[in-house]
Amino acid sequence: MEQHIHPEPKAFIWKYVFSIDHKVIAKQFLWTGLMFLALGGTLAMMIRWQWAYPKTAVPVVGALFLSHTGGAITPPTYTSIFTMHGLIMIFWAITPILIGAFGNFCIPLMIGARDMAFPKLNMYSYWMFFASSVLVILSFTSQLGAASAGWTTYPPLSTNVGAPGWGQTYMALAIFATGVSTIMGGINYIVTVIRYRAPGMTWFRLPLTIWGMWLTAILNVLFVPVLGSAALLLSLDRLAGTHFFVAGAAVGIQGGDPMLFQHLFWIFGHPEVYILILPVWGIVGDILSFFSRKPAFWYKGSVFAMIAVTVLSAVVYGHHMYQTGMAPLLGLGFEMLTLAISVPAVVLFVNWLNTIWKGSLRLEVPMLFALGMVFVFGAGGLTGLLLGTISTDIYLHDTMYVVGHFHLTMAAASFLGSFSALYFWFPKMYGKQMDQNLGKVHFWGSVVFITLVFGGQLVAGYSGQHRRLFEPYQYTYIRHLAPLNRWTSFAAFALGATQLIFVVNFIKSILMGKKAEQNPWHVSTLEWTHCASPPIYHNFDIVPTVVRGAHEYADPAVKKKFGRDYLDQVEPGLSAVDEDSSAGMPEPEAIGAE
Amino acid sequence: MGDVVELRPRAREDFTSVIGMMIALGAWAMMFGALFFMYAGMRSHALMWPPPGVPRLPIGLPALNTAVLLASSGAFSLGLRSLRKGERRALSAWLAAAAALGTTFLALQVVVWRDVWASGLQPSTGAYGSVFYGLTALHAVHVAAGILVILLVLVRSLLGKYTEHNVMPVRLPGMFWHFVDAVWVLMFVSLYLL
Ligand SMILES: [Cu+2]
């Protein structure tokens, strides 16, 4: 349905600060997210330093922020560091980059809308996120240190007894605030896709990216409120003296129940891992097709697999709580549902492999990152089977193996997926080209060192090293793992250093990159075929009428008639007679994407 | 309004906002749902509920208060119906009534809190007090926000901003207000009666 065209604002403040333009809001999320990615990454380096050289002065960062201990990390600082690393990476780095930036940027452009359904709500969503960012920074400045109860914020660690001071309170409030922001964004995404698809853009003509974003938005709107509730109750416990999660001697027999927090947290927490990966699956599904110059293999299968994962993700949270004395029958149910997720996950995986199978692969930077994501996600998914199974989880629970596993899926896969998206849409966002060679170095460094870092963690965990230990080597049974940990740390430092290449490339390209063409990748979706680089304020002067899906590649008849190997989503295409000649295509079932 | 209307552009835009509001209320319902989940978990683990030695909650005043809030919701509905018929003065009157009844609810809620507090039940009395004060307070925050929104709508109504062709800015706050009301009914039943 046609949206009216808002007049473009002229004043700086309305154009760049309190903008209602989804493209500007996307950039705001991107920049804020990248800043927090750098911050969260620095914290990760500090953890790795502690595990490589326990209790010695941290170079550079130590001199700047830990001068009171001569640069070394103390146990309370250490708990704050890994807590803030986890929370920041999940809620203030990946979420804004993947969902805030690319959800905002891609949804209207790819479905043929002029903006989000509720542009003002979109602006509030960013500024709510910004407010939550301020709370995060405040947490660092608080007297008794930043939050320190782990990213899961379990009571009793996160109560006033376990984590006194404002650091933890600020983070509980920050989680609530960023949750509100996410929900506002989610409402916008859901409604925009339902109501503002261009004429002819049927559900099964949507690019996979949009499906991923849309399903993620649904999970966000359903489950982030549960986290909000948990954060709110925790804040009441900390500020108003209630005893929802406080038990034991402090309150007597009528105390609350810390286990309830775990339930609320994981009812949200499990969907959250799919919230962070569904957009990546969608983006990668599209990019593999675009850069293999082939239709996405079994498009509908991928869509239904993503829907199946979305539904299943709501009913498996108990696999995080096998160790909490859960009734064995209940555990068994959660185990079976958890392992059932493998089925749609494998459908997606096989579809990706079939998409690139015999394609004319163009190994440009976005494609490399997409392939890297397929690789690390495969590794992460397989290692997850051992955690979904109760008998093996009992051994592996709370070891570094868990850390390696969820970093491969949530962190590495989301990270590589986000960068695939960033390199792919950068020319559209900024109208400039990025340096492809630097991009390739960034890719190879990232994927190799990611594998080494998180692979090293898997091995350490499998050998029995517990997670979150301040000084693991004080235990004799872990002592022999010190060299492994040190090498893992070296890989982590190399991974961190590799990101500097991206920083240089990103800034350099924005400032003095070569001007990008409208469709530099020669792909078929609306934002490339019908929008300038960067797009005009209202995206489309005339909203195009869509006639086919997003993956129309490799048709010899099209090549003969148009001299290129793809059809965009709008052009009339072949006449009925010519269309018959496409009957001899190698994957006729995949062409039925429409 | 059972009559079939043609989908004019305005009507389609209105429909978009209604979908948005419904999704927003769905999210809100999940938030309250999580609170009830927590409450149910707390109760199912307790040996006795209410725990021994904890003062009983009153029933009379909260029941009356439930009626007050339901009346407020009703007043809002009647206001919206008046606007649809083009009776703009009636809209303002009903909105004022809805806001007044909402405020009465809050005032009576404060009285209930004071009585309960005086009888010895406090937030720090443990799980029971936490649930009682926590749930009612979070709900009261929503009522207060709702009253502010209704007052805003009332001011705009007095300025003549709404016509029978432009009911959405009244209908959407109404949806929120009915939602807050429905949540209260669940709270009343589960906190005071069960
Ligand atoms: Cu899970």
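How are the donor residues of the copper ion spaced in sequence? I found the spacing H-x48-H-H, donors being N, O and S atoms within 2.8 Å of the metal (3.2 Å for Na, K and Ca), with water not among the atoms, so sites may look incomplete.

I noted that this is a predicted model, in which local features need pLDDT of at least 70, side-chain atom pairs count only at pLDDT 80 or more, and totals for chains, interfaces and linings use all residues. Residues are numbered from 1 along each chain as its sequence is written, chains are lettered from A and ligands numbered from 1 in the order in which they are written, and side-chain values use heavy atoms, without hydrogens and water.

**Copper site.** I listed A:His270 (ND1), A:His319 (NE2) and A:His320 (NE2) as coordinating the copper ion at 1.7 to 2.0 Å. I then looked up burial (buried is under 20% relative accessible area, exposed over 50%, partly exposed in between; 1.4 Å probe, protein chains only). A:His270 is buried at 5%, whereas A:His320 is partly exposed at 22%.

**Interface.** I recorded 30 residues of chain B in contact with 34 residues of chain A, contact meaning heavy atoms within 4.5 Å. The area buried between these chains is about 2,700 Å², with carbon and sulfur atoms giving 76%; buried area is the accessible area (1.4 Å probe) that two parts lose on being put together, summed over both. On the chain B side, B:Thr16, B:Ile23 and B:Met30 lose the most area to chain A, together 19% of what that side buries.
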